[in-house]
Amino acid sequence: MGQLLACTRRKQLEKFADEEPKSPIAASQVSETIYIAVMGSTGSGKTTFINLASGSNLREGAGLESCTNEVQTSIPFHIGRQQVILIDTPGFDDTTLTDTDVLKLIAAYLVTTNKQGARLVGVIYMQRISDLRVGGSARRDFRMFQELCGEEAYPNVIIVTNMWGTVTAEDGNDRERELATKNIFFKPILDKHAKMLRHDNTKQSAHQIIQKLVDKEPVVLQIQRELGEGMDITQTAAYKQLDREMSELCARHQKELEALREEMADAERSQDEETRRELQEEARKVEAELQQAQSQASRLASDYQTELRRIEEILQVKEG
């Protein structure tokens, strides 16, 4: 699963307590590790950004294919005197995981590490400036991001636009303006003190972006607070948003299925056996997708608890 957590707050404090500072300067260099989560759609450059900033070698996807199907962390690195670890997360449009799987993975990891004292100081959301249009899946991913964070965390959020080398300056500036000024994109969180910065694909640029979060006070995200207070995952704001999305998807699948059945009946009446078989196969696929979407919610609560136990066991092994 990659490097899940380099060390916890307790372990670091024990380590520092056992050490004799050699000088006031050496003592001042000791600081707790801070964590920054990196989120965004599949193929938005999350893992590339993390590897560049930290010198890690996390596996990267090719094109729009997902390679991050687990939460993973960078090796520790320094921004000035501050030790930093970046958290790599799968996107809600992941090519190998369902949206409920992604919610389960992110929620379980964030809740467990928060319990163990990991100091999360901010969240980076990656956005390709090269996208000609921000499609429905990307907007859905961002809506889920908003519900995971909650408004109180927005001052600790940075939207990072990347892939500037693939567009002209004029096109890039136009897209950046659209992202920043339209309510369907990033305007609502920018109005509430989030920032939007450019990344030019250099280590220096990545570190300058991270520096904006290094001195922030630790933040508890909405999903961490809700689950930490004992709320069932199916009652969280993030799940409610996901449930709305799944309900719309189920409604679309139901319409498709009804239309296919009508076409099958027409083909049968006209004795077009080849068309009927093709439509029947398509109807089977749509019905399977509908059943999968309907079953995701019923499994989420138990799957989340299983994932929570799995992560807790992994972190305990790493502490040992």
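Buried here means under 20% relative accessible area, with exposed over 50% and partly exposed in between (1.4 Å probe, protein chains only). The model is predicted, so local features need pLDDT of at least 70 and side-chain atom pairs count only at pLDDT 80 or more, while totals for chains, interfaces and linings use all residues. Residues are numbered from 1 along each chain as its sequence is written, and side-chain values use heavy atoms, leaving out hydrogens and water.

**View A. Strand E1, covered on both faces.** Let's start with E1, residues 34–40, where 7 of 7 residues are buried. Ile-34, Ile-36, Val-38 and Gly-40 lie on one side, and Tyr-35, Ala-37 and Met-39 on the other. Strands (E, at least two residues) and helices (H or I, at least four) are DSSP runs, numbered from the N terminus.

**View B. The strands paired with E1.** Strands pair if DSSP finds at least two bridges between them. E1 runs parallel to E4 (residues 82–88), joined by 5 bridges, and Val-38 has Asp-88 as its bridge partner in E4. With E5, the pairing is also parallel, over 7 bridges; look for Ile-34 with its partner Arg-119.

**View C. Helix H6 and its buried side.** H6 spans residues 169–181 and reaches 18 Å from first C-alpha to last, close to the 18 Å expected (1.5 Å times one less than its number of residues). Its buried residues are Gly-172, Arg-175, Glu-176 and Leu-179. They share one side of H6 because they cover an arc of only 100 degrees around the axis, taken from the directions from the helix axis to the C-beta atoms.

**View D. What the buried residues of H6 pack against.** Here they meet strands E5 (119–128), E6 (157–162) and E7 (195–198), along with helix H7 (187–190); contact means heavy atoms within 4.5 Å.
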